[in-house]
Amino acid sequence: MARKNQKAPWEEEEEIIWVSRTEMKNDMEDLQKLGEELVGLKPAVLAKFPLSETLQVAISDAQRFKNEAKRRQLQYIGKLMRLEDPEPIQLALDKVRNKHSQATIALHKLEILRDRMIETPDVVIEEVMVKYPEADRQRFRQLARQAKKEKASNKPPKAYREIFQILKDLYLEEDL
């Protein structure tokens, strides 16, 4: 007769994963820091995050508190964060952080497009018209000629700026 504590030889033993206290504390501190970052966000941005109702209330309370009350509330938020799945929250936070750099990259692309439009207007204006059919082809041609003249005679780049503004407006309309 087999003893109660022994497993049958064909059964695999379960692997036990030990987590040190320090590792657990570090994980909890990371969650609390994530909660602190959430407290720093505006309510309109925070509404887009996948948070439980209790965590949302705790964060809005922490935004109102000062000094010691805020510190205690942040600890409470850290405790609530242990019950949440941090990955979707972290992804949403990364998107919010990255939004500024994405906008900067888009504006740089528009600047390059504007410079190309001044150098080779016919080709680039055709590209713009394909991408933005509501754009005014004649206005782009006129501004490209003006920008070339301004650059040649060292005048202030008024048309140059106007081309960029029109491209930016078209880009923003497309985003909406």
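Let's start with a word we'll need: a residue is buried when its relative accessible area is under 20%, exposed when it is over 50%, and partly exposed in between, using a 1.4 Å probe and protein chains only. Keep in mind that this is a predicted model, where local features need pLDDT of at least 70, side-chain atom pairs count only at pLDDT 80 or more, and totals for chains, interfaces and linings use all residues. Residues are numbered from 1 along each chain as its sequence is written, and side-chain values use heavy atoms, with hydrogens and water left out.

Now for the big picture. The protein has eight helices and zero strands, where helices (H or I, at least four residues) and strands (E, at least two) are DSSP runs numbered from the N terminus. The domain assignment, which is an automatic or database one, gives domain 1 (21–84) and domain 2 (95–175). The centres of those two domains, taken over C-alpha atoms, sit 43 Å apart.

What box do the C-alpha atoms fill? Along the principal axes, the box is roughly 100 × 55 × 30 Å. The radius of gyration, taken over C-alpha atoms, is 29 Å, while a compact globule of 176 residues would come out near 16 Å; that globule rule is 2.2 Å times the number of residues to the power 0.38. Of the 176 residues, 26% count as buried. R21 and K148 are 127 residues apart in sequence and 68 Å apart in space, C-alpha to C-alpha. With a relative accessibility of 68%, R21 counts as exposed.

Next, zoom in on E84, found in the loop between α4 (67–81) and α5 (86–119). E84 is buried and has no salt bridge. A salt bridge is a side-chain nitrogen of Lys or Arg within 4 Å of a carboxyl oxygen of Asp or Glu. For charge, Lys and Arg count as positive and Asp and Glu as negative, while His and the chain ends are not counted. Which side chain of opposite charge is nearest to E84? That would be R82, 12 Å away.

E84 does have a partner, though: its side chain joins that of S52 in a polar contact of 2.5 Å. A polar contact is a pair of N or O atoms within 3.5 Å; within protein, one must be able to donate a hydrogen and the other to accept it, and residues adjacent in sequence count only if both atoms are side-chain atoms. Leaving aside neighbours within four places in sequence, E84 is in contact (heavy atoms within 4.5 Å) with P50, L51, S52, L55 and I89.

So where are the salt bridges? A search of the whole structure finds six. One of them links the side chains of R64 and D61, at 2.7 Å from N to O. Both residues lie in helix α3 (residues 53–64), three residues apart, which is about one turn of the helix. R64 counts as exposed, because its relative accessibility is 56%.

Another salt bridge pairs R116 with E127, also 2.7 Å from N to O. R116 lies in helix α5 and E127 in helix α6 (residues 121–131), so this pair ties together parts that are eleven residues apart in sequence. R116 is partly exposed at 32%, and E127 is partly exposed at 38%.

Finally, D115 forms a salt bridge with R114, with the closest N and O atoms 3.6 Å apart. Here D115 is partly exposed, with a relative accessible area of 28%, whereas R114 is buried at 9%.
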